[in-house]
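Here is a colleague's note on the aromatic contacts. Please read it with the structure open.

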Amino acid sequence: MGMSLGGVLNFLVSFAIMASIYAILAIGLNVHWGYTGLLNFGIAGFFALGAYTSALITSPKPVGIMANYVRQAIGLNLPFLLGIAGAAIVSGVIAGVIGILTLRLSEGYLAIATIGIAESIRIFINNESWLANGPQGLIGLPRPLHNIVPRCYYNYLYLVIVSIFLTVIYFAVERGIRSPWGRVLRAIREDEIMVSADGKNVFFFKLQSLIFGAMIMGIGGALYAHFSAAIQPGVFEPLFGTFIIWAMLTLGGTGNNKGAIIGSFIVWALWSWSTFLIFKVVPRGFETRAPYIRYVLIGLLLIFIIIKRPKGMLGEEAHVSEF
Amino acid sequence: MAELIVYGIILGSIIALGSIGLTLIWGITDLFNCAHGDQITVGAYTAFVFTSLFSNMGILQGKVGPFSFCWGVLLAFIPAVIISVVLALIIDRWVYKPLRHSGAHFITSFIASIGVAWVLRGFIYIIWGADFHFYSSGLRTVAFLPLGIKLRIDEIFIVVIAWMAVALVYLFLAKTKKGKALRALADNPGLARISGIDTEYMIKWAWGIAGTLIAIAGILYGIETQLRPEMGWIFLLPLFAAIILGGKGSITGALIGGLLLGIAQQVSTAWLLPTYKPAIAFIIMIAVLIFRPKGIFGRRHI
């Protein structure tokens, strides 16, 4: 399989974009699980909400003959940044509602309840075709600043955009977690009863953490929508929407935002590169089954890390408060 | 409506059968096993291998009575159960036991079980590919019951086998010494240990029961629909809902939870799109959790 230098670069750039989007989702999960101890197994729900909200805000409502094929309840044709803002707000509001209903559950039950909610969101989008075209999904979503660079170089620009979002989110979370507010979250993770004995409203802090993390996940979803320019409910199934992100954070180091980023890059590299390597070694006639070796590889890596290095590659950083 | 309820009982029986092993392991080892679904898939495919083997050898090809499958499928229950139990014991020995002994948080073993699920599913895809498989290509005869209920004859077999397996497990847990030890362990692990119950030995028994039920559920599910690599994974979420409804470690709870979910899902199709079925399971589960956080039959711990 000969590949030109340009081809390799293009592959690396789209790899880096996807890994960075996953890193944003993993940082969102780190706010929930790493810092507050909330077992959110419904990442896919916020991922989908963010992607669909931004898509409906930024794309125009289909007209003419297209309206026969693409059904879309809303199409505001607004700029990209408003799409991102909308994604964060909608994810945050829905997270608030979910939190009020479920945050009083003990941790294991919260995990299962959130899986259920995320699946219900996906099934709803899939079935209610009037909302966002059902299973076919939305295509041709606007790509920000697409007219300032030639089409073939667009991904380089988008990588810059995604990197800016990743950096801002990284520093915002780092700052938040070192503040008195972040100290309360980590204290809740360690010993909820102690914190409530201290007169803090544990439920309210958990709710804030859930909303904050969900807003980050919503932004990740929006960035995904404008990168792939096409979204369908199938993308937000539990495997790629939730479980792979748990693997990324666990691998990199729970409670460590750098770990979240490193874990995302490693898992996504394993997932997207192993196909190429595998195709070189498998016998003929076996090509269609070869990609599934990835499931085995990532599964084994996850089990190995959990047993041998339960704190992940980096482990939690010692936090020294700035205040 | 009567028809939908009957379909619900069929679906509910398979869910109930699949969820007993899951809730037993949850109660005894604190493991919420994400690989349970993929173990079900392995059970179904193992039986498929033996069925094909028998048919290649030219034996056991006669159809069983009025059912669509041949004698080979019935005989394949035995090796499928054995392999499923051995697999469960191997996984426990190499993955969950080290975690138990390091006193890991229950979420650690939950994430490890996600890894196990991926490894199993990867192997299923690699060995059998993504295509659908069937135990038999035979015609599926339909029975006409009173009240205008149409039923595939195979489904009667599924319900009978499922409830026979459930009854046997129930008798085992209620009447035998080992069964009582298992229930004691699920009820209060600390007290059970002090009373001289060998925890690790009993955990092996729990996996034995779970492995057996997993294989049976896989084959019955395969007869009801078809074999595909994602079958168990997709089936897992209703199982989770059933055992949450039933409460941690409660066998009766899982049975009733499973039946309830099966019936609710099928009856909902009278008003909603069938694609909403899984969402119905979750909405019921979440509603129950909000009002009864320990499930319908859960123990109220302090």
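This is a predicted model: local features need pLDDT of at least 70, side-chain atom pairs count only at pLDDT 80 or more; totals for chains, interfaces and linings use all residues.

The points below cover ring pairs, a ring cluster and charges over rings.

1. Over all chains, the count comes to 35 aromatic pairs.

2. A pair within one helix. Tyr154(A) and Tyr158(A) form an aromatic pair. Their centres are 6.0 Å apart, with 35° between the planes, and the pair is tilted. Both residues lie in helix H7 of chain A, which covers residues 154-178. They are four residues apart, about one turn of the helix. Tyr154(A) and Tyr158(A) are both buried.

3. Tyr158(A) sits in helix H7 and Phe227(A) in helix H10 (residues 202-228), both of chain A.

4. Are Tyr158(A) and Phe227(A) buried or exposed? Tyr158(A) has a relative accessible area of 0% and is buried. Phe227(A) has 13% relative accessibility. Buried means under 20%, so Phe227(A) also counts as buried.

5. A cluster with members from chains A and B. Ring pairs link Trp33(A), Phe41(A), Tyr109(A), Phe243(A), Trp246(A), Trp26(B), Phe32(B), Phe110(B), Trp233(B) and Phe240(B).

6. Charges over rings. Trp233(B), one of the cluster members, has Arg121(B) over its face, at 4.5 Å from the ring centre. Arg228(B) lies over the face of Phe132(B), at 6.0 Å from the ring centre.

Technical notes:
Residues are numbered from 1 along each chain as its sequence is written. Chains are lettered from A and ligands numbered from 1 in the order in which they are written. Side-chain values use heavy atoms; hydrogens and water are left out. Rings of Phe, Tyr and Trp (its six-membered ring) pair if their centres lie within 6.5 Å; planes under 30 degrees apart count as stacked, over 60 as edge-to-face and the rest as tilted. Helices (H or I, at least four residues) and strands (E, at least two) are DSSP runs, numbered from the N terminus. Buried means under 20% relative accessible area, exposed over 50%, partly exposed in between (1.4 Å probe, protein chains only). A charge sits over a ring if NZ of Lys or CZ of Arg is within 6 Å of the ring centre and within 35 degrees of the ring normal.
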